[in-house]
Amino acid sequence: MVKEKIIEILYRLGFAPEELDNDMGYRFDYEGMNLLYTAEDDDANSVTFMMPGIFEISEENRIAVLEAMLKLCTKMKFIQPAILFDSVWLQYQHFMPNGAEPTEELIAHMIRVLAVATANFHKIINNEDNESNDE
């Protein structure tokens with residue numbers, strides 16, 4: 001039930017979510033970036049969006065990437081960076097208590113925060129971050 005509500009909200013917000021194979025969720029574009037909505041079963045009581053593959057990891061940059069991921073965690077609440085398939089992915093997971101309904105405001109907020117987190121990660125990894133511009 002929550003999945004259908006979120007898909008409906010994504011359409012109302014102007015997105016065109018495409019269902020992925022193997023029940024992986026839905027993919028949609030936001031300002032030239034790919035996002036994923038991972039449609040968990042309703043028992044999970046959470047809404048999860050991911051920004052996949054924002055930065056490739058090599059043996060040469062692994063330490064710098066790990067440091068950038070840690071710094072991002074200290075700068076931005078709610079963002080969970082992870083390494084999947086030798087790249088950095090960002091996740092925002094929001095707890096939905098029993099009976100709570102996702103809103104357009106919540107979904108739009110989650111998407112915007114992931115986009116800002118992606119930009120912040122790239123600033124950090126490129127040593128262009130300015131401590132006075134914390135989110």
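Student: Where does N127 lie in this predicted model, and what makes N127 count as exposed?

Tutor: N127 lies in the segment after α3. Its relative accessibility is 70%, and exposed means over 50%, so N127 counts as exposed.

Student: What is the phi of N127?

Tutor: N127 has a positive phi of about 55 degrees, although N127 is not a glycine. Most residues other than glycine have a negative phi.

Student: Which loop holds F85, and why is F85 called exposed?

Tutor: F85 sits in the loop between β5 (79-84) and β6 (87-95). The relative accessible area of F85 is 73%; the cut-off for exposed is over 50%, so F85 is exposed. F85 also has a positive phi, about 55 degrees, without being a glycine.

Student: Which residue with a positive phi follows α1?

Tutor: That is G14, with a phi near 95 degrees.

Student: Which residues of α1 are buried, and how do you know on which side of α1 they lie?

Tutor: Helix α1 spans residues 2-12, and its buried residues are I6, I7, I9 and L10. They cover an arc of only 160 degrees around the axis, so they are on the same side of α1. An α-helix has 3.6 residues a turn, so residues three or four places apart point the same way.

Student: What do the buried residues of α1 pack against?

Tutor: They pack against the strands β2 (26-30), β3 (33-37) and β4 (46-56), and against helix α3 (104-125).

Student: Why is α1 called roughly perpendicular to α3?

Tutor: The two helices pack at an angle of about 75 degrees, with their axes 10 Å apart. Angles of 65 to 115 degrees count as roughly perpendicular, so α1 is roughly perpendicular to α3.

Student: Which residues make that contact, and how many are nonpolar, polar and charged?

Tutor: From α1 the contact takes I6, I9, L10 and R12; from α3 it takes E104, I107 and I111. By class, the contact of α1 with α3 has five nonpolar residues, no polar ones and two charged ones.

Student: What makes L106 buried or exposed?

Tutor: L106 is in helix α3. Its relative accessible area is 13%, and buried means under 20%, so L106 is buried. Leaving out residues up to four places away in sequence, L106 touches H94 and M96.

Student: How do you know whether N120 is buried or exposed?

Tutor: N120, also found in helix α3, has a relative accessible area of 8%. Buried means under 20%, so N120 is buried. N120 and L72 are 48 residues apart along the chain, and their C-alpha atoms are separated by 7.2 Å.

Student: What makes the pair S46 and Q93 a polar contact?

Tutor: The contact joins the side chain of S46 to the side chain of Q93 at 3.3 Å. A polar contact is a pair of N or O atoms within 3.5 Å, one able to donate a hydrogen and the other to accept it, so the pair counts as a polar contact. Not counting residues up to four places away in sequence, S46 touches E40, Q93, H94, F95 and M96.

Notes. Residues are numbered from 1 along each chain as its sequence is written. This is a predicted model: local features need pLDDT of at least 70, side-chain atom pairs count only at pLDDT 80 or more; totals for chains, interfaces and linings use all residues. Side-chain values use heavy atoms; hydrogens and water are left out. Buried means under 20% relative accessible area, exposed over 50%, partly exposed in between (1.4 Å probe, protein chains only). Helices (H or I, at least four residues) and strands (E, at least two) are DSSP runs, numbered from the N terminus. The arc is that of the directions from the helix axis to the C-beta atoms. Contact means heavy atoms within 4.5 Å. Axes are lines fitted to C-alpha atoms, for helices over the stretch in contact, and angles run from 0 to 180 degrees between N-to-C directions. Angles under 35 degrees count as roughly parallel, over 145 as roughly antiparallel, 65 to 115 as roughly perpendicular and the rest as oblique. Ala, Val, Leu, Ile, Met, Phe, Trp, Tyr, Cys and Pro count as nonpolar, Asp, Glu, Lys and Arg as charged, and the others, Gly among them, as polar.
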